[in-house]
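Please keep the sequence and the structure in view while reading.

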Amino acid sequence: MTERSRFKRASYLAIRALCRLACVTLFQIRCSGHQHVPAEGGVLVCSNHQSYLDPILLGLGFRRHCNYLARDTLFRFGPFARLIAFVDAIPLDREGGGLRGLKETLKRLKRGEMVLIFPEGTRCHDGNISPLKPGFLVLARRSGAALLPMALDGAFAAWPRRAWIPRPGVVRVCIGEAISAERAKTLSDAQLLAEVESRIRACHVEARRRRRGD
């Protein structure tokens, strides 16, 4: 696992605490399924994608440090760029195929870290889940990391695609049971893709049910 300085670890915890306070206040965020998060080892977290807020909202569900991918264009905005670099975001050049970002992701997974990705490839258009793209399977196979499905609901309503800024709302997050590397090895790529998608969709159904208070 990466050795981070005491200052950086403390700062990360402070930033997360501030984000938690803001998200509880603005979005009444609640998360279920913490018991499914592996305590150690590489973990490829796979979630649906509803808004720009998702990395923050999802990251609050973990006690472990969680890395996430960010478009390289986000690293061009001064203070924000320094902030996401400080919390170890991985720049992803989508126009160039994202090879450098994927290599860094693989490196961190092999070091035993958690990395959050969005297998849909982009934010949804209506709050529902689009079919997953299979590219993340290469990372899972080569890293030997566990696959952790999760989903959130309410973020799309809080910050839809056409809105400039988020608005208050209710967000629920659900973490599903992880797929171990050993289990993944017994499945073909098609089977593993279907299994991950099925679990993300199940998490989304549960998150939506909890958000609606059913």
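The face of helix H4 that is turned away from its buried side carries the exposed residues Leu 99, Arg 100, Lys 103 and Lys 110. Exposed means over 50% relative accessible area, buried under 20%, and partly exposed in between (1.4 Å probe, protein chains only). The model is predicted, so local features need pLDDT of at least 70 and side-chain atom pairs count only at pLDDT 80 or more, while totals for chains, interfaces and linings use all residues. Residues are numbered from 1 along each chain as its sequence is written, and side-chain values use heavy atoms, with hydrogens and water left out.

H4 (residues 99–110) has 12 residues and reaches 17 Å from its first C-alpha to its last, close to the 16 Å expected at 1.5 Å a residue; the expected span is 1.5 Å times one less than the number of residues. Helices (H or I, at least four residues) and strands (E, at least two) are DSSP runs, numbered from the N terminus. Buried in H4 are Gly 101, Thr 105, Leu 106, Arg 108 and Leu 109. They lie on the same side of H4, because they cover an arc of only 165° around the axis, taken from the directions from the helix axis to the C-beta atoms. Just after H4, Gly 112 takes a positive phi of about 90°.

Helix H8 (residues 189–212) has 24 residues and spans 34 Å between its first and last C-alpha, close to the 34 Å expected. Its buried residues include Leu 192, Glu 197, His 204 and Arg 208. Among the elements that cover the buried residues of H8 are strand S2 (43–47), helix H5 (136–143) and strand S6 (146–153). Gly 213 follows H8 and has a positive phi, near 75°.

The largest nonpolar core has 30 residues, and those with the most contacts inside it are Val 45, Leu 57, Phe 62, Met 114 and Leu 148. Such a core is a set of buried Ala, Val, Leu, Ile, Met, Phe, Trp, Tyr and Cys residues joined through side-chain atoms within 4.5 Å. Apart from this core lies another, of 28 residues, among them Cys 46, Leu 106, Ile 117 and Leu 132.

Finally, the protein as a whole. There are 8 helices and 7 strands in it. Its radius of gyration is 16 Å, close to the 17 Å that the globule rule gives for 214 residues, so the protein is as compact as a globular protein of that length. The radius is taken over C-alpha atoms, and the rule is 2.2 Å times the number of residues to the power 0.38. Buried residues make up 48% of the 214 residues.

Terms used:
Contact means heavy atoms within 4.5 Å.
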